[in-house]
Amino acid sequence: MANRVTWITGASTGIGAALARKMAGAGDTVAISARSQETLDSVCAENPDRLHPFALDVTDRAAVAAVIEAIETTLGPIDQAVLNAGAYTKTPVDGFSAETVERMMMVNVVGVANALEALMPRMVARRRGAIALMASVAGYRGLPYAAGYSGSKAAVIAMGQSLKAELDGKGVKIQVICPGFVRTPLTDQNEFDMPFLMEPEEAADRIVDGLKGDSFEIAFPKRFALQLKTMQKLPDALFFPMIKKTVGL
Ligand SMILES: NC(=O)c1ccc[n+]([C@@H]2O[C@H](COP(=O)([O-])OP(=O)(O)OC[C@H]3O[C@@H](n4cnc5c(N)ncnc54)[C@H](OP(=O)(O)O)[C@@H]3O)[C@@H](O)[C@H]2O)c1
């Protein structure tokens, strides 16, 4: 499994950076992407033989295609991609902002699609490769104050499900990753107590384990994911009163 070429988007901070460090430490050649060249460079400086910066904005379709071409030219065919770049901003009813929703949809959903458009044909032609899409347990069911974020992550989960049915048998593995709360710059803005909060390094361990397996969904921490899965299956008449009580509405 070592010496794979892995590409991780959103790997300048948080979960993506922790995953990149871990995979590079295990012997992968890891291309990391995010918008901030400076932050990518400082992560790569920790392990310059294994970590390689490829700055991009995932919402720029041409730039995504160009970076995939550049990675494959300089490092070799991408064996594994983790499409992790993401954004989160609250979208409460009070002051609801379509612009904020649009920004999250662009990064979380269209950004993933931009990478898939350029990457899937290459992997399908080689009949080899693995792609993991970063979703969230927040995509299981629409959560209060998170219409934009939950909506974007539900879209990512559905996108992965659609693609899996088609990619099976083509030699390309597709998975979705559904973490609970992880302490990163993204969640630092949350003012509430985050249940089962884990550190990015622990999340990276869970993701690496999940990527080795064949389960379509990599969900953690197990107890929290199970609670939200159960909530997903509740009838509306039970779900809405329960979620309102949970968030104090
Ligand atoms: N933390 C959690 O509790 C949690 C839970 C479930 C799912 N997730 C998901 O996990 C992923 C990583 O989040 P995180 O918590 O690790 O947050 P983070 O530390 O804020 O990381 C976000 C990463 O995405 C990059 N990024 C943002 N917009 C981008 C764009 N337009 N183009 C390219 N890169 C972009 C950021 O770098 P630049 O700003 O330099 O571009 C950064 O590297 C996200 O998809 C998030 O939704 C997080």
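**Aromatic rings and their surroundings**

Modeller: K229 lies over the face of Y140, 4.2 Å from the ring centre. A charge is said to sit over a ring when NZ of Lys or CZ of Arg is within 6 Å of the ring centre and within 35 degrees of the ring normal. The charged end of R141 is likewise placed over the ring of F239, at 4.0 Å from its centre.

The model is a predicted one, in which local features need pLDDT of at least 70 and side-chain atom pairs count only at pLDDT 80 or more, while totals for chains, interfaces and linings use all residues. Residues are numbered from 1 along each chain as its sequence is written, and side-chain values use heavy atoms, with hydrogens and water left out.

The whole structure contains five aromatic pairs, that is, rings of Phe, Tyr and Trp (its six-membered ring) with centres within 6.5 Å; planes under 30 degrees apart are called stacked, over 60 edge-to-face, and the rest tilted. Y88 and Y149 make an edge-to-face pair, 5.0 Å centre to centre with 70° between the planes. This pair joins distant parts of the chain, 61 residues apart: Y88 is in the loop between β4 (80-83) and α4 (98-126), and Y149 is in helix α5. Helices (H or I, at least four residues) and strands (E, at least two) are DSSP runs, numbered from the N terminus. Y88 counts as buried because its relative accessible area is 14%; Y149, at 12%, is buried also. Here buried means under 20% relative accessible area, exposed over 50%, and partly exposed in between (1.4 Å probe, protein chains only).

A further edge-to-face pair is that of F181 and F192, with 5.7 Å between centres and 70° between planes. Both F181 and F192 belong to the loop between β6 (172-179) and α6 (200-212), 11 residues apart. F181 is buried at 19% relative accessibility, whereas F192 is partly exposed at 42%. Ring pairs connect F181, F192, F196 and F224 into a cluster.
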